[in-house]
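Work through the exercises below with the model open. Try each task before you read its solution.

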Amino acid sequence: MALLRLVLPLLLLAALWEGAVALLQISPFYLPPLRQVLGAIWALGPAYAQAFMVTLGEAVAGFVVGGLVGVVSATAFHHQRWLRDMLFPLFVASQTVPVIAFGAIVVLWFGNTLLAKAAIAFYLTFFPVTVNALAGFEAVDPRQVALLRSFGASRRDIWWKLLLPSALPRIFTALRLSAGLALAGAIVGEWFGASIGVGAMLLAALFNEQVVAMWAAILTAAAVGGAIFGVVALVEARLVFWRDEL
Amino acid sequence: MTDAADQLDQLLTVGEAPAARAKLQLNGVSRRFGAVQALAKVDLGIAEGEFVTLIGPSGCGKSTLFNIVAGLLEADTGGEVLLDGAATSLLGKVAFMPQRDLLLPWRNVLDNAILAAEVEGRPKRAARETARAMAADFGLKGFEDHYPQQLSGGMRQRVALMRTFMFDRDLMLLDEPFGALDALTRAMMQRWLLDIWSRYRRTILFITHDIDEAIFLGDRVVVMSARPGSIKLERRVELPRPRDPALLTTPAFNAIKRELLDAVEEESMKTFAAGAA
């Protein structure tokens, strides 16, 4: 049933694509038929699979580290007011630097490595997670904290048994948002000279005016984004099963 | 005694019959928040195994007193809080139950009940066993795996009480545990609490707004004065135990109620006048 709900809209979108191209006689330069795009992917299967894996790896590495750093810094900010007053404005300022500008520097520093792309994905991930996790920690009922303290709970107990679970719904909201951002970060990173990956493919197709290949790269990027988002949603459904019942 | 009850006695420390020794002794306890004097020289002793109920007008510093006894708040210097005759930090020494049940929505009934035990470092599995054995006593049999959102208000409150009992301390602090319940559920819970109390024998300090509840439950009713809060009146309740609802209409009960009402009324008027000024 859940699978059907997932597959059905996709099939619908595919049918719409095919139908529109055929009925409205859209020039393949603007939108090639879906069949042709899928055919291109099929023909170069291993290349697209490799691009998928490479970009997925970059995005996930940045995403995971960004998520962890976000939760850790939110924890530090929650417990140490002065740290928050000192560093939080810096966090905000960091996000006003366009990722493109930042990307050039990172590639300059780390070269054309996985680390460079992951760093950009990280840069886009950690901030939303920090903000949301912090909001989640601050929203915890102080009476709940008092109750745990009356049981003799240590700070660690309180964090682990109360603060973190309470903040999970908000953290996952941020993670779902960041899943797309991390992918965008990885792709932008690839634009600064990578030869493998979805972003590199996209750029190559653009320069060669291969419209079909561009669409193929876009579909591959969508698959990467969908994979990350899907895993996040699955983990969320397991961990935050109680949210809908509140 | 049934097998289940026997088993329970082994799982939990069952207190001894009431003795004269003071479990908790407050001597001249005061607390000031900035310009507001919340408590002024509270003197109160609670004997081991005793059930003391505390009433007072709203804003009289009951919660402040509670937080001090729970170890969540320091009393101002000059007063002393003695548990078993010793002035130690009370955090982790008193089983405290706040007004709201404060159950965690991601834990089922058993796991909410063992929260305190878990914090103490008891193995989860053993704690769950104990909780499972206690569930029937708390009217939660068959609901062990339910989540708080699936329970009624009365049941949630019983889970919270079970959590408090599982935190195996001789002194229990209950802050209006039945305040949010409807009258019928409330009456049922009161009788049930007395039943549980007589079986597990703990020392209880119970805050309430309800004079009937205070008399029905307590060995002794303590009335607090309007702010700054201090002890205005202590009234021993010599009504026989076990108590049943018929007690509420007896002349003896009404005589005590009359006396307490007068005291509470007087203090409420003071609060009212202070608020109007």
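**Exercises on chain B**

Contacts, meaning heavy atoms within 4.5 Å, come first: 71% of those in chain B with a separation of 6 or more are between residues 24 or more positions apart. This is a predicted model, where local features need pLDDT of at least 70, side-chain atom pairs count only at pLDDT 80 or more, and totals for chains, interfaces and linings use all residues. Residues are numbered from 1 along each chain as its sequence is written, chains are lettered from A and ligands numbered from 1 in the order in which they are written, and side-chain values use heavy atoms, without hydrogens and water.

**Exercise 1.** Describe the overall build of chain B.

*Solution.*
- Step 1: count the elements. Chain B has 9 helices and 9 strands. These are DSSP runs, numbered from the N terminus (helices: H or I, at least four residues; strands: E, at least two).
- Step 2: compare the radius of gyration with the globule rule. The radius, taken over C-alpha atoms, is set against 2.2 Å times the number of residues to the power 0.38. Chain B has 19 Å, close to the 19 Å that the rule gives for 277 residues, so chain B is as compact as a globular protein of that length.
- Step 3: read the extents. The C-alpha trace spans about 55 × 45 × 40 Å along its principal axes.
- Step 4: check burial. Of the 277 residues, 52% are buried (under 20% relative accessible area, 1.4 Å probe, protein chains only).

**Exercise 2.** Work out how β1(B) and β2(B) are joined.

*Solution.*
- Step 1: find the strands. β1 covers residues 22-33 and β2 residues 36-47.
- Step 2: get the direction. They run antiparallel, with 8 bridges; pairing requires at least two DSSP bridges.
- Step 3: pick one bridge. B:Arg31 has B:Leu39 in β2(B) as its partner.
- Step 4: look at the turn. The hairpin has 2 residues between the strands, and B:Gly34 takes a positive phi near 60°.

**Exercise 3.** Why is β3(B) described as largely enclosed?

*Solution.*
- Step 1: test each residue. In β3 (residues 51-55), 5 of the 5 residues are buried, so the strand is largely enclosed by the rest of the structure.
- Step 2: sort the directions. B:Phe51, B:Thr53 and B:Ile55 point one way, while B:Val52 and B:Leu54 point the other way.
- Step 3: find the neighbours. β3(B) runs parallel to β7 (residues 203-207), with 4 bridges. It also pairs in the parallel sense with β8 (residues 220-224), over 4 bridges.
- Step 4: follow B:Leu54. This residue stands opposite B:Ile207 in β7(B), and its bridge partner in β8(B) is B:Val222.

Conventions:
Buried < 20%, exposed > 50% of the residue type's maximum accessible area, 1.4 Å probe, protein only.
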